Amino acid sequence: MLIRTTQHLIEAGLVSDATGLEAVAAKYAIGITPAIAALIDPSDADDPIARQFVPSTLELVTTPDERADPIGDLTHSPVEGIVHRYPDRVLLKAVHVCPVYCRFCFRREMVGPQGLGTLTGPELDAAVGYIADHAEIWEVILTGGDPLVLSPRRLREIMLRLAGIGHVKIVRFHTRVPVVEPERVDAEMVEALKASGKTTYLAVHANHPREFTEAARAAMARLVDGGVALISQSVLLAGVNDDVETLAALMKGFVENRVKPYYLHHPDLAPGTSHFRVSIDKGQALVTALRGRISGLAQPTYVLDIPGGYGKADIGASAIAGGDGCFTVRDWQGGEHPYPPQG
Ligand code: SF4
């Protein structure tokens, strides 16, 4: 059963008391797929899967630094559905619904039934026209919402339209579907994600190693075997993955499934999400600890989307200081070494 309401949450045994949750549901959509519901341990009050998907009255607490559009999508949107923040790439947000609704979502004010909706035919025409008119656009990133909620037929149509634009070389999808609704990733879907002359990347969003179920692993294998390159996307979340053991298992899990770790996002200043935020100091310590613990192949880049739409910054602790040809380099255990070496 798809869980969409507080009543559904009670029926599924995921909450025993829905007091206050109607007020949360009125602001932010609820969505839990059967695959995710099956992963939740209702007897564990601190279950890291439940924490990501089961609404909490903590979401009614908004802090002064939080904002409805934390990464500044709207200030960089020349036409509906397009975000053009960097010269060589655009976001194409064709749809603003998702199979699940993550409680920490940075676009929580835009997604869901009361969100920005799906692009109409004329809006999609205008968005594709914008991409065609801007020869500097090398990469189109389909995000949303979750683009894989679209049918293979609709995805194929979009890919065919992008295939007709010579300067677009890369099409990237950002999605939760391989993990939260793996059965959607069938052979027809995999084929629909590809287009002649374009390279397809797909960023798999997962935040805890338990999300790599057998079904999710099989979905990722179908994508890789079908010719789609996979990269990862995770959010550093208090109470979900803010310890080195969990992060290491998550990143190794990606690599074992042929997903190259890409971004570990510092959580954005989305409304009602302060209970998920960790300090940047803690995030830096965690990614430094990862460096000494797991293969270079499994290292993500720790990034912050600068509020206001200024783009991403790598915020991992710098391992090098100094200048004028004389540096001090820090190893993963904190030892400092001059570079060039002296003597
Ligand atoms: S799937 Fe992505 S866009 Fe949808 S609610 Fe989760 S984080 Fe937000």
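By class, how many nonpolar, polar and charged residues does the lining of the largest cavity have?

A: This is a predicted model, in which local features need pLDDT of at least 70, side-chain atom pairs count only at pLDDT 80 or more, and totals for chains, interfaces and linings use all residues. Residues are numbered from 1 along each chain as its sequence is written, and side-chain values use heavy atoms, with hydrogens and water left out.

The lining of the largest cavity has six nonpolar, no polar and two charged residues. Here Ala, Val, Leu, Ile, Met, Phe, Trp, Tyr, Cys and Pro count as nonpolar, Asp, Glu, Lys and Arg as charged, and the others, Gly among them, as polar. A cavity is a set of points on a 1 Å grid over the protein atoms alone where a 1.4 Å probe fits but cannot get out, and lining residues have an atom within 4 Å of a point. Grid points are joined across faces, edges and corners, and a volume is the space filled by probe spheres set on the points.

The structure holds one cavity of 30 Å³ or more, and the volume of the largest cavity is about 60 Å³. Its lining consists of Tyr28, Ala29, Tyr101, Cys102, Arg103, Cys105, Arg108 and Val111.

Tyr101, Cys102 and Cys105 also belong to the residues around the ligand, meaning those with a heavy atom within 4 Å of it. By class, the ligand shell has five nonpolar, two polar and one charged residues.

Methods
1 Å grid on protein atoms, 1.4 Å probe; cavity = no way out; pocket = protein on both sides within 12 Å on 5 of 7 lines; lining within 4 Å.
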